Every structure is written in structure tokens, then in C-alpha cells.
Amino acid sequence: MSAASKSEIKGEVQFLEAFFYSTLLKYMGGVPLLDHPLALNETMPARATEEDTYKYIVDLLDAAAPVLPDIREENDHGKPSAGACYALKARLAFYAHKYDVAEQAAKKVMDMGKYDLYSDYADLFQPVAET
């Protein structure tokens with residue numbers, strides 16, 4: 001496996017970790033941050049603050065975005081991209097009331113020029129939009 005492939009897979013895992021931590025942050029607030037596998041007799045770390053959890057997620061997204069492609073091809077449908085990293089970062093920052101960070105992350109997505117709004121809002125509720 002090439003170094004580029006390994007780097008991309010690591011970025012995908014970092015995105016997924018950030019995504020799941022962001023869901024936990026949304027519903028539970030601060031959570032224990034596991035940045036390494038726990039040893040057999042190692043105790044669970046204490047619950048982190050919401051701010052520390054937010055920073056951990058943003059750090060994961062900032063590490064993942066540069067190694068992922070801006071957008072995925074049709075055969076890679078469902079895999080994370082740099083655009084997904086910036087979009088999640090924007091959403092997370094918005095909910096954390098860090099509007100300047102949210103604006104910068106959303107601007108990065110828009111400046112990529114590869115994403116746009118769905119052309120027909122009513123179609124979003126039809127089976128044609130499920131792909």
C-alpha cells in the first residue's frame with residue numbers, strides 16, 4: 001500500500017472519529033476523549049469539558065481535510081472528503097457559537113467550487129433525491 005493511500009485512509013478514520021464525537025458532543029456535552037487504545041488495566045479517562053471536546057474534534061477535522069480529496073468520485077460514494085470535513089467543522093462551530101470559525105469553514109466549502117445547492121427543493125422529498 002502506498003504512503004498516499006495510507007494517509008487517505010487515516011484521514012477517513014479521523015473524519016469518522018470527528019463525526020461520531022460531534023454526535024456525542026451534541027447529545028451528551030463533554031465526553032471522555034480516547035486518543036489511544038486503552039491498555040488492559042488502564043482506567044477510562046475523566047469526562048472532558050465541552051470546550052476540550054470541541055477542540056479535539058476540530059483538530060481531527062483539520063488533520064483529515066488536507067489528505068482527503070475535495071470531492072469524491074461516483075465509485076467512492078459515501079466516503080468522506082475535504083468538503084465534508086469543512087462542512088462538519090462549520091456546523092460544529094456554529095453550534096458552539098464560534099461564528100467566525102463557522103464562516104471560515106463554510107467559505108472554504110463554497111470556494112472549492114465543487115458543491116452547490118440542490119436545484120429543485122421539492123425534489124428533495126422524492127425518491128429521486130435519495131442517491
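## A tour of the packed helices

The crossing of H3 and H4 is left-handed, meaning that the near helix is turned anticlockwise from the far one by less than a right angle (clockwise would be right-handed). Before you select anything, note that this is a predicted model, in which local features need pLDDT of at least 70, side-chain atom pairs count only at pLDDT 80 or more, and totals for chains, interfaces and linings use all residues. Residues are numbered from 1 along each chain as its sequence is written, and side-chain values use heavy atoms, with hydrogens and water left out.

**Stop 1: H3 and H4.** Select residues 99-112 for helix H4, whose axis comes within 8 Å of that of H3, crossing at roughly 155°. Helices here are DSSP runs (H or I, at least four residues), numbered from the N terminus. Axes are lines fitted to C-alpha atoms over the stretch in contact, and angles run from 0 to 180 degrees between N-to-C directions. H3 and H4 are therefore roughly antiparallel, a label for angles over 145 degrees. Now show the side chains: among those making the contact are Tyr86 and Phe94 of H3, and Val109 and Met112 of H4. Contact means heavy atoms within 4.5 Å. By class, this contact has 13 nonpolar, 1 polar and 2 charged residues.

**Stop 2: H2 and H3.** Next, select residues 50-64 for H2 and 82-95 for H3; they pack at about 160°, with axes 9 Å apart. That makes H2 roughly antiparallel to H3. Their crossing is left-handed. Look for Tyr54, Ile57 and Leu61 of H2, and Cys85, Leu88 and Leu92 of H3, which are among the residues making the contact.

**Stop 3: the core.** Which residues have the most contacts inside the largest nonpolar core? Select Ile57, Leu61 and Cys85 to see them; the core has 25 residues. Such a core is a set of buried Ala, Val, Leu, Ile, Met, Phe, Trp, Tyr and Cys residues joined through side-chain atoms within 4.5 Å, where buried means under 20% relative accessible area. Helix H1 (3-28), H2, H3 and H4 each supply at least two residues, and H2 gives the most, with 7. Zoom in on cysteine 85: leaving aside neighbours within four places in sequence, it touches Phe15, Leu61, Ala64, Ala65 and Leu68.

**Stop 4: arginine 91.** Finish in helix H3, where arginine 91 lies.

Note on methods. Angles under 35 degrees count as roughly parallel, over 145 as roughly antiparallel, 65 to 115 as roughly perpendicular and the rest as oblique. Ala, Val, Leu, Ile, Met, Phe, Trp, Tyr, Cys and Pro count as nonpolar, Asp, Glu, Lys and Arg as charged, and the others, Gly among them, as polar. Buried means under 20% relative accessible area, exposed over 50%, partly exposed in between (1.4 Å probe, protein chains only).
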